[in-house]
Amino acid sequence: MPYKDLRQFLKRLEEEGELKRVKVKVDTKYEIGAICRKVLNGRGPALLFENPSSPIPLVTNIVATRRRYAMGLETTPEELHREWSERTREPVPPVLVKDGPCKEHVLKGADVDLLRFPIPIWNEMDGGPYITFPCHITRDPETGIGNAAMYRAQVHNRNTLGFLGAPYRHIMLH
């Protein structure tokens, strides 16, 4: 694993001029989406919104360019395809752990509240706020085979997400 955590990767991006901090207050309704689109169109840096109408910062576009994606894998843009192919040839099975950095903040039951996070309404035609790159992990109930995939998820309320799952996608098959 090239980086210990997201903070370490963000530090590297900043050192390489691939991350810009947005210190001014920005609205999660359309404003963040508009800023991100403009920066993406210009092949600009990842953005760390330090004050997104929420006490929790928001980072976007961290792997939106070939260079940053390669940095995440600690390779070069020229070697990215080969490196990706090599690393995905034999997937590493997940390991369940009792505790760890990913479990520093755990909310369960009535404490779950997605609305406390700065989840933007990205576009005018969106029906609400969306998490654009979430990882959904499922397991086939018959075979036990697991799957991890990205499905854009809409926040409906404090503890409900919705997603569009086509009938042929693993998440729907599971």
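**A tour of the cores and the sheet**

Select Val22, Val26, Ile32, Cys36, Val39, Leu47, Phe49, Leu58, Trp122 and Tyr130: these ten residues form the largest nonpolar core. A nonpolar core here is a set of buried Ala, Val, Leu, Ile, Met, Phe, Trp, Tyr and Cys residues joined through side-chain atoms within 4.5 Å, and buried means under 20% relative accessible area (1.4 Å probe, protein chains only). The model is predicted: local features need pLDDT of at least 70, side-chain atom pairs count only at pLDDT 80 or more, and totals for chains, interfaces and linings use all residues. Residues are numbered from 1 along each chain as its sequence is written, and side-chain values use heavy atoms, without hydrogens and water.

Next, colour α2 (31-41) and β2 (46-49), which each supply at least two residues of this core. Helices (H or I, at least four residues) and strands (E, at least two) are DSSP runs, numbered from the N terminus. The largest share of the core, three residues, comes from α2. Apart from this core lies another, of eight residues, including Leu10, Leu13, Leu19 and Ala46.

Now show the open sheet, three strands in the order β1-β2-β3 with mixed pairing; strands pair if DSSP finds at least two bridges between them. β1 (19-22) and β3 (58-60) are at the edges with a single partner strand each, so one side of each has no neighbour in the sheet. β2 and β3 run antiparallel and are joined by three bridges. Select Phe49 to find Leu58 of β3 opposite.

Finally, select helix α1 (residues 6-15), which packs on the sheet and touches β1, β2 and β3; contact means heavy atoms within 4.5 Å.

How values were computed
Buried < 20%, exposed > 50% of the residue type's maximum accessible area, 1.4 Å probe, protein only. Axes fitted to C-alpha atoms, helices over the stretch in contact; angles between N-to-C directions.
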